[in-house]
Amino acid sequence: MVANSYLTNLFGRSPIRPLQEHMSKVFGCVSQLKPLLQAMVDNDQNEVRRIQRIISQLENDADSMKKELRHHLPKGLFMPIDRRDLLELLLMQDNIANQAKDIAGLVVGRKMTVPKSMHNLFLQYGERSIDAVAKALDVINELDELLETGFRGLEVERVEDMIKELNAIESETDKCQVELRDMLFAMEDDLKPTDVMFTYRLLEWIGNVGDYAEKVGSRLQLLLAR
Amino acid sequence: MWATTPKRSGVDCNYYWPGKGETTVDQMTIYIILAGVFGLFMAWGIGANDVANAMATSVGSRALTVKKAIIIAAIFEFAGAYLAGGHVTKTIRKGIIESDVFCVGCQASPDILVYGMLAALLAAATWLLIASRNGWPVSTTHTIVGAVVGFAAVGVGPDAVQWGKVGTIVMSWVVSPLFAGILAYMIFSSVQKLILNTEHPFENAKRYGPLYLFAVGFLIAMVTIKKGLKHVGLDIGDGQAFLMALGLGAGIAIIGGLMIRRIKMDPRADRKFHYTNVEKVFGLMMIFTASAMAFAHGSNDVANAVGPVAAVVSVATTGTVLQQSVLPSWVLLLGGIGIVAGLATFGYRVMRTVGHKITELTPSRGFAAEIAAAGTVVMASYTGMPISTTHTLVGAVLGVGFARGIAALNLRVVGSIFMSWVVTLPAGAGLSIMFFYMFKGIFLT
């Protein structure tokens, strides 16, 4: 006898676990930026290239996870969170990995370096951006708790506090970026103009990582406000 | 021997049967044996296939292992069938057909009813076999009701059907999932408010959990005492029944409360998922709600198998279609045994398959859905409405979903439920009409 019942057909695949797994992969990808930037500062081209390949691979993995999740989100699914919100959240998460991949590509492609005086703050900037993503991962990992409580009550407050922390980290990275830009601006005349241009771009892209992480948080907040 | 059936002439109903000749006794025995075999087969099918749906929410949420679920199902399906199955059985047996039509000298003789009920049973069993072979989810209840209406309306005539009662039954098919859904929504919302969305959900689960168990125990005890114990030989007054039900509900709540108290908070388990310990409490309480579910299922669905059997037995032993004849309790016993046999032989496999597919349901959700579904089904059993346990459970799960409790639900199932009515009712009716003419051909020539 074949067991096929309304009950088995009733339950769709939960998008929450795959969403969390995707975010976890994204974080894995982004956290490789730390050794990448370190190797870049150390001028270790081999290491940079090695890590760039890892990042590229992880980004690919995240991409296929994204597609997989999209495939399993048919329109007829009834979910406690809006389907569109969920897909946007996924897109934001994926943007983080894409940005990391682009950063790695840029660092390898242009054999990027930054002036010695900027090293410390530059590395710190990178790290804080990764921290923002880590916080965003924490927030996403609360989704199953949110589901448990029906997206209401104390758990919502807890998540909103976490989102506040995430925003605080992001504004820290913003400050770092401003400072780094100022330093770079002061040195502009002594450096090759194209290098300067791309260093600005690198700073901006690293900042984007934190921005996207923040957007993951604010997307989730919108979803809670419903 | 078929040819020697006594002539149906203007003999008084009461003297027409049992006849004095040997052949009639033989025929009577054959009818009863046939009905018993078909009914047993049908009950076996219910046990093998249908029970899995009632229990799968517990297995899927990992509150129960398949083995424990089988044991609980066997005990409580049997208890439900035997103690509270009488009322729905009565509906299937004589609530759908117009019994005045079946008497000697009337439009149809009583043995026409025997052929019809045998045909309905065989039709339902055949259809369920075909459906489960092909993996189509169908409802036993709808099939048997379609089959009984089918043979009566076409084989005998439209006035052989109590259309008003059939209308009420069809209404109950719409109302029961809706009602269960609303009930589940309310129960789950209260679980959120009292337990999940509080500062100390674990403590509150322990505090308020027994209250829910009390409600479940009280309801089931009330239905059993009011509707079931009479045919077992106990007749209890209203006030006394109420007190007894209160006592039984309290007893269950206390037992549950003591069991819950033994669960120790494990802070490590909460690190990954903050509600692991709370869910453990619900998982334990689901032993009770699963029992309620099995009891409810037994009380309602046993009728699908034994309702026609009871009709056949009643005609074969009294020779008439008496409205007031009592239901022999061995018929319910037969149904209970059939269900347990089905569980023991096939239920294990089906339950595992269904359970593995619904793992998205956590114990707190399954708990709310099961209380709502079991409550609705038991109340239907009380009023004698043959409803689908599975449809009711689907309604309850949707209710929990609407309280934002479940990650993803496939709403297309609702459409497929309506579709299955469109297919199952005519299929049951058609097969039943076919078998009816077949039996008539065999026995009357």
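**Entry 1: ground rules**

I count residues from 1 along each chain as its sequence is written, and I letter chains from A and number ligands from 1 in the order in which they are written. The model is predicted, so local features need pLDDT of at least 70 and side-chain atom pairs count only at pLDDT 80 or more, while totals for chains, interfaces and linings use all residues.

**Entry 2: chain A overall**

I looked up the elements of chain A and found nine helices and one strand. Helices (H or I, at least four residues) and strands (E, at least two) are DSSP runs, numbered from the N terminus. Along the sequence the pattern reads α-α-α-α-β-α-α-α-α-α. I then took the box along the principal axes: the C-alpha atoms of chain A fill roughly 75 × 40 × 20 Å.

Next came burial. A residue is buried if 20 or more other C-beta atoms lie within 10 Å of its own, exposed if 12 or fewer, and partly exposed in between, with C-beta atoms placed from the backbone. Chain A has 226 residues, and 42% of them count as buried.

I also looked at contacts, where two residues qualify if their C-beta atoms, placed from the backbone, lie within 7 Å. Among contacts in chain A with a separation of 6 or more, 87% join residues 24 or more positions apart.

**Entry 3: α2 and α6 of chain A**

I checked how helix α2 (residues 16-31) of chain A meets helix α6 (residues 119-141) of chain A. Their axes lie 10 Å apart and the packing angle is about 170°. Axes are lines fitted to C-alpha atoms, for helices over the stretch in contact, and angles run from 0 to 180 degrees between N-to-C directions. α2(A) and α6(A) are therefore roughly antiparallel to each other (the term covers angles over 145 degrees). The crossing is left-handed, meaning that the near helix is turned anticlockwise from the far one by less than a right angle; clockwise would be right-handed.

Which residues meet here? From α2(A) I noted L19(A), M23(A) and F27(A) among others, and from α6(A) the list includes I130(A), V133(A) and L137(A). By class, this contact has nine nonpolar, four polar and no charged residues. Ala, Val, Leu, Ile, Met, Phe, Trp, Tyr, Cys and Pro count as nonpolar, Asp, Glu, Lys and Arg as charged, and the others, Gly among them, as polar.

R17(A) also sits in helix α2 of chain A. R17(A) is partly exposed, because its C-beta neighbours inside 10 Å number 14. R17(A) and I140(A) are 123 residues apart along the chain, yet 9.7 Å separates their C-alpha atoms.

**Entry 4: α6 and α8 of chain A**

I followed α6(A) to α8(A). Here the axes come within 9 Å and cross at roughly 165°. α6(A) and α8(A) are therefore roughly antiparallel to each other. This crossing is left-handed. The contact holds 13 nonpolar, four polar and eight charged residues.

**Entry 5: where the chains touch**

How many residues of chain A are in contact with chain B? I found 31 residues of chain A in contact with 42 of chain B. On the chain A side, α1 (6-10), β1 (77-78) and α7 each supply at least two residues. α1(A) gives the most, with five residues. The side of chain A that touches chain B divides into 16 nonpolar, ten polar and five charged residues.

I looked at the strands too. β1(A) and β1(B) pair in the antiparallel sense over two bridges (pairing needs at least two bridges found by DSSP). F78(A) has L409(B) as its bridge partner in β1(B).

**Entry 6: helices of chain B**

I turned to helix α7 (residues 163-196) of chain B and α13(B). Their axes come within 7 Å and cross at roughly 35°. α7(B) passes α13(B) in a right-handed crossing. In this contact I counted 14 nonpolar, six polar and no charged residues.

Is helix α4 (residues 86-95) of chain B enclosed or open? Nine of its ten residues are buried, so helix α4 is largely enclosed by the rest of the structure. The buried ones include H87(B), I92(B) and R93(B).

**Entry 7: positive phi**

F151(A) has phi near 55° and lies in the loop between α7 (143-148) and α8 (154-187) of chain A. F151(A) is partly exposed, with 18 other C-beta atoms within 10 Å. R404(B) has a positive phi of about 60°, in the loop between α13 (389-402) and β1 (409-410) of chain B. R404(B) is buried, with 20 other C-beta atoms within 10 Å.

How values were computed: Parallel < 35°, antiparallel > 145°, perpendicular 65-115°, else oblique.
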